[in-house]
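The sequence and the structure come first.

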Amino acid sequence: MPENANNANKRIDEPTGTELVGHEWDGIEELNTPLPRWWLWTFYATIAWALVYVILYPAWPMVSQATEGVFGWSSRGDLQTELADAQQARTAIFERIGATDLDALANDPELLNQAIVGGEAAFKQHCVQCHGAGAAGYEEYGYPNLNDDDWLWGGTLSDIEYTLTHGVRWEGSGETRLTYMPAFGEIFQKSEIDALVAHVLSLSGEGPGSASGAALFETNCSACHGVDGAGDRAQGAPALNDAIWLYGKDKASIAQQIRAPRHGVMPGWSDKLDPVTIRMLAAYVHSRGGGEAEAPELPAEDETETADEVATTQTSGDDERG
Amino acid sequence: MSEVDSLDTPEKGADAKRDWGAALGSVETDAIAASRRTSPGPPPPIKLYQERKAVHNKRIDGPFRRFKWLVMLVTLTIYYATPWIRWDRGPYAPDQAVLIDLANRRFYMFDIEIWPHEFYFVAGLLIMAGIGLFLVTTAVGRAWCGYACPQTVWTDVFQHVDRFFDGDRNARIKLDKAPWGASKTARRLGKWGVYLLISFWTGGAWIMYFADAPTLTYEFWRGEAAMVAYATVAILTFTTFWLGGFMREQVCIYMCPWPRIQGAMLDEKSLIVTYKDWRGEKRGSVKKAAKNPDAYGDCVDCLQCVAVCPTGIDIREGQQIGCITCGLCIDACDKVMKDIGRPRGLIDYATLDQCEAEAAGAPATPAWKALLRPRIFIYFGVWAAIGAGLLFALGTRSHTDITVSPDRNPPFMLMKDGSVRNSFTLRLRNMEARPRDMRVTLVGLPEGSVMWTDQIGREGAAESQTIPVNADETRIVRAYVVIPNGTEAGEFAFEVTALDSQGEKDSADTKFTLPGDL
């Protein structure tokens, strides 16, 4: 046993054969089961590590911020680096998207996919406030749904890109999409408006229609909306013969839209976003399920009803369907 | 007998200085402790920290040592060699027999390929490992600790390196105490160098499980491998070097939770390595026993059991946390008993119940009889049932899978013609190592319902679509489904059929949302 001057003081706990420490509480004594010495060294090593860490890294809370540490590391700095790296990594794709014309983009699935993903991110930042996170719009405010197959101003990639760039009824661009529907509240009697509403509803197969309404429509409305109510995208005149209504399909809503039309405004983005981002946004909106193929030789975009469309960006309209 | 006496003399000398289980401390510690003490009175003789006593275990041969060699050979061979086994899976999958492909989230094991969504197979294996642990511990105590634990295996390897460089027990004890000179320095450096090589090889073998082994090796030496590969090798080299080369039994005694867990699973019917004190006590040398046979038991106190112990304990003190039940003390004791003409088994695998019965005079029972008891059968039954279930699931699983998540924003879309469109994200999983076409069909929607995808376009809308899926990939497609104006729909399913000779099918139920549903 350890030879040591104090051996005489050593006391052994009988049942366990273990040395007693000498601490006693109410007759209960503590046994000495010593730690291995390396354990102690490990403890000292962690202290040394902590000291080094405190010097190298931000540690002590001060009045306005923590001490910076010799390395000057910060999580914000990390983030900046990562963002810069990500930006750097995206540059090549950005440039490719910017340099690819829309026809070619549509035929390059991989690049298109990159554009869609980039557009989705930009959409969530710039567009969801009106069009909603799912791009489904808000009927009560006349923010168009971008998922359906109905477009006010056209649903091809180039149509959408144009709308995004120049906006709708937006003061910031001389080439903005700009038309207004006259307010007929001062022109028509209530009964005439009611007849018009009945006729408009009948265009999409709702209700019996109205002969007088049809006559009024042909005279006053068909120039923009078409005789059959198919609308005219060149003027942003909504189709009235389909199931989709920008401001509601009940009679009151339609009558209200005839009397004093609401006109949606969408800002153009050419002053805030770079052309590549706008192009990616167009790709994303186009991908929501209603995008239309480019129609090279199509002169009038109006009543060609392709099956899909979605109002891309904004706008509004008069009563509408479409 | 004289041989035994001569054997044990030097050892005894060495071990007499060893104080098993008692507190040891250095004089300086006491001095420091005393100087820190503020209360009056004599400083108590307490050492709160224990000096490490190096374990220099003696070479031994015997059935258990040979079994240990065998286990070491098998486990190390498996560990080092497995990643290098090639396994042809065709051009679309890796040709490494065992590969944990984290980047692509695949786990390959010979003919089995596990995808992340089949991780329950791995969970099942872990459950089997857990129950297997109960089974083995119940039956043969801490056999894992004694033979198969990596800490045990690598400690054993390093102890043999010690033996190779420095000789057997006595020579190593002597060398430890010898002053540092050229010879000792050279031996130590050589030994540690070999430790380091083995450790590096061990760390290097680990990363081979996670990438194509030949490619990774090539890249590793050219400095082109991923940072994580170098970091992993560095960490595992260090831990192997440190834990296997230096910490050794300290890991078992102080760090590892396993002995505590396993200790709790033992009972009086479990086989353990035990000293039969009823037969061994009172200890005395052969000479003393010859003079006075009735006063002494079979144990001649030769300390061979202590000398061979890889954790440096004295098994005669009974069950203890430091005992990894490797059985080397049985080999050592049996050898001594044979030499002095006494029956073997003074230290042996036995259950506490058997020991008690034997002590009370019952005839010795063969150790294996301890295995025949209900608890062991039940554990084995559960373990085997889970294994059979896993094998069955593995054998009958489909390699074609579809899951569907409906778009929630917006949940439905009214189209110009009054028809309603829903969008769904389909995940088509082709778990074969070859590209396959899959036919996806709408089941349970009204007549005239059609679907299309971004790639197919609305022009190609139809009730079913053929979608090519690359080998061993999940293809995610957005599917648009339209039901005609005026029809109703609700629950329906996407059914997928692989367009190959096997024609595997799968289907996923989902719901079609109409404007009125919300």
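## Model and conventions

This is a predicted model, in which local features need pLDDT of at least 70 and side-chain atom pairs count only at pLDDT 80 or more, while totals for chains, interfaces and linings use all residues. Residues are numbered from 1 along each chain as its sequence is written, and chains are lettered from A and ligands numbered from 1 in the order in which they are written.

## Chain A overall

Chain A contains 11 helices and four strands; these are DSSP runs numbered from the N terminus, with helices being H or I of at least four residues and strands E of at least two. Of its 322 residues, 37% are buried. A residue is buried if 20 or more other C-beta atoms lie within 10 Å of its own, exposed if 12 or fewer, and partly exposed in between, with C-beta atoms placed from the backbone.

Contacts are pairs of residues whose C-beta atoms, placed from the backbone, lie within 7 Å. Among the contacts in chain A between residues at least 6 apart in sequence, 64% join residues at least 24 apart. The chain is divided into domain 1 (11–57), domain 2 (92–178 + 266–287) and domain 3 (190–259), with bounds that come from an automatic or database domain assignment. Between domain 1 of chain A and domain 3 of chain A, the C-alpha centres lie 89 Å apart.

## Annotated binding site

An unreviewed UniProt entry carries the annotation "binding site" for A:Met181, A:Cys221, A:Cys224 and A:His225. These residues span 45 residues in sequence, but no two of their C-alpha atoms are more than 10.3 Å apart, so they gather at one spot. UniProt positions are given in the numbering used here, feature names are shortened, and annotations may be inferred rather than shown by experiment.

A:Cys221 sits in the loop between helix H8 (211–220) and helix H9 (222–225) of chain A, and counts as buried because it has 24 C-beta neighbours inside 10 Å. A:His225 belongs to helix H9 of chain A and is also buried, with 29 such neighbours inside 10 Å. Leaving aside residues up to four places away in sequence, A:His225 touches A:Gly231, A:Asp232, A:Ala237 and A:Leu240.

## Helix H7 of chain A

Helix H7 (residues 190–203) of chain A has 14 residues, which at 1.5 Å a residue should span 20 Å; its end C-alpha atoms are 20 Å apart, which agrees. The expected span is 1.5 Å times one less than the number of residues.

Buried residues of H7(A) include A:Ile193, A:Leu196, A:His199 and A:Leu203. The buried residues of this helix pack against H8 and helix H10 (251–259) of chain A. Just after H7(A), A:Gly205 has a positive phi of about 85°.

## Strand pairing in chain B

Chain B holds an open sheet of four strands in the order S12-S10-S14-S15, with antiparallel pairing; two strands pair if DSSP finds at least two bridges between them. Its edge strands, each pairing on one side only, are strand S12 (464–469) and strand S15 (505–511) of chain B. Strand S10 (residues 436–443) of chain B pairs with S12(B) in the antiparallel sense over six bridges, and B:Val440 has B:Gln465 in S12(B) as its bridge partner.

Strand S13 (residues 473–483) of chain B pairs with strand S9 (residues 420–430) of chain B in the antiparallel sense over 11 bridges. Strand S11 (residues 450–453) of chain B and S13(B) are likewise antiparallel, over four bridges. In S13(B), B:Tyr480 is the bridge partner of B:Ser423 and also of B:Trp452.

Technical notes:
Contact = placed C-beta atoms within 7 Å.
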